[in-house]
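These are my notebook entries on a structure that I have just opened. I set out to look up its sheet and the surroundings of its ligand.

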Amino acid sequence: MIGTPYGVLVLGGTQDARELAGALVTDASLRVVSSLAGRTNAPLLPPGELRAGGFGGADGLTAYLRTQRIAAVVDATHPFAARMSENAVAACAAAHVPLVVLERPPWQARPDDRFIDVPDATTAAEVAAATGRRIFVTVGRQELAPFARVADRFVLVRCIDAPDPMTLPPHGELVLARGPFAYADELALMRTHTIDCIVAKNSGGTATYAKIDAARTLGIPVVMIARPARARNVSSVVAVASAARWVRAKLASGAVAR
Ligand code: NAP
């Protein structure tokens, strides 16, 4: 269809995804569609077109790519959004649409950090209960359920939106807040609640790193949940600018679905 702009789908829900959409919309020959899961109240919105809600699995996404004439996909979802990422790999293969993953590198422990690496939230809750008496949990509301079983510890929970009350630990406090968070504020929060252990997902990036700096200052352990495994053989980049270059190169090379 002559004159129809190429569609680029950015699977989002992250700051990087918003920045990428901002970098791509400057090109009038591109139709930039950002996709959100649609579960956060009042999400920060990217520039360009927006769609929200699940596609209906890999098959639904495949159909979407075809009907919307999407020519390239950037998976800029959070590193823990494993199902969406798997679906993107399957759908892009089925629809013959090139895919790249935009993923911040994981945080690496510095010599003065006290990371305790764990594979999942269930293990994190067990390890945190065995490690601290006043625990700061920053894993997001979807992963809270295992912490509801931490009965004899004070648990400070921080989420963007209010979690299901059934997933809240019996003893503690809930803080609703959205990053980025500043070092001084994280330190003050942890001192106010005399936190002696924190639980985090290894998200990478800077927006939520201040808690790691604050934990280092306080000399307290960080129970760090490792990222889920990614599919192999998928191209990946770590910077927004690299993802934007990848999109332009794919479209310029003509390696796009028609
Ligand atoms: P997930 O477990 O991988 O995805 C579950 C299902 O939600 C997917 O199968 C898909 O439904 C739908 N979905 C997820 N991301 C979507 C997107 N960007 N656009 C359209 N549908 C999407 O994902 P999650 O861990 O629940 O994360 C949901 C969203 O929150 C993602 O956009 C992610 O970037 C963001 N986020 C997640 C975390 C985290 O820690 N997990 C942290 C910050 C932000 P269908 O199968 O029906 O297509």
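Entry on the sheet. I find an open sheet of six strands with parallel pairing, in the order E6-E11-E10-E7-E8-E9; strands are DSSP runs of at least two residues, helices are H or I runs of at least four, and both are numbered from the N terminus. Two strands count as paired if DSSP finds at least two bridges between them. The edge strands, E6 (115–118) and E9 (172–176), each pair on one side only.

This is a predicted model, in which local features need pLDDT of at least 70 and side-chain atom pairs pLDDT 80 or more, while totals for chains, interfaces and linings use all residues. Residues are numbered from 1 along each chain as its sequence is written, and side-chain values use heavy atoms, without hydrogens and water.

Entry on one pair. I looked up E10 (residues 197–201) and E11 (residues 222–225), which pair in the parallel sense over four bridges. Val 199 has Val 223 in E11 as its bridge partner.

Entry on the ligand. I note 23 residues around the ligand, with Gly 12, Ser 35, Arg 39, Phe 55 and Lys 201 the closest; a residue is near if one of its heavy atoms lies within 4 Å. H3 gives the most to this shell, with four residues.

Entry on polar contacts (pairs of N or O atoms within 3.5 Å). Ligand oxygen atoms lie 2.9 Å from a polar backbone atom of Gly 56 and 2.8 Å from one of Met 84. I also record a polar side-chain atom of Asn 87 at 3.3 Å from a ligand oxygen atom.

Key
A polar contact is a pair of N or O atoms within 3.5 Å; within protein, one must be able to donate a hydrogen and the other to accept it, and residues adjacent in sequence count only if both atoms are side-chain atoms.
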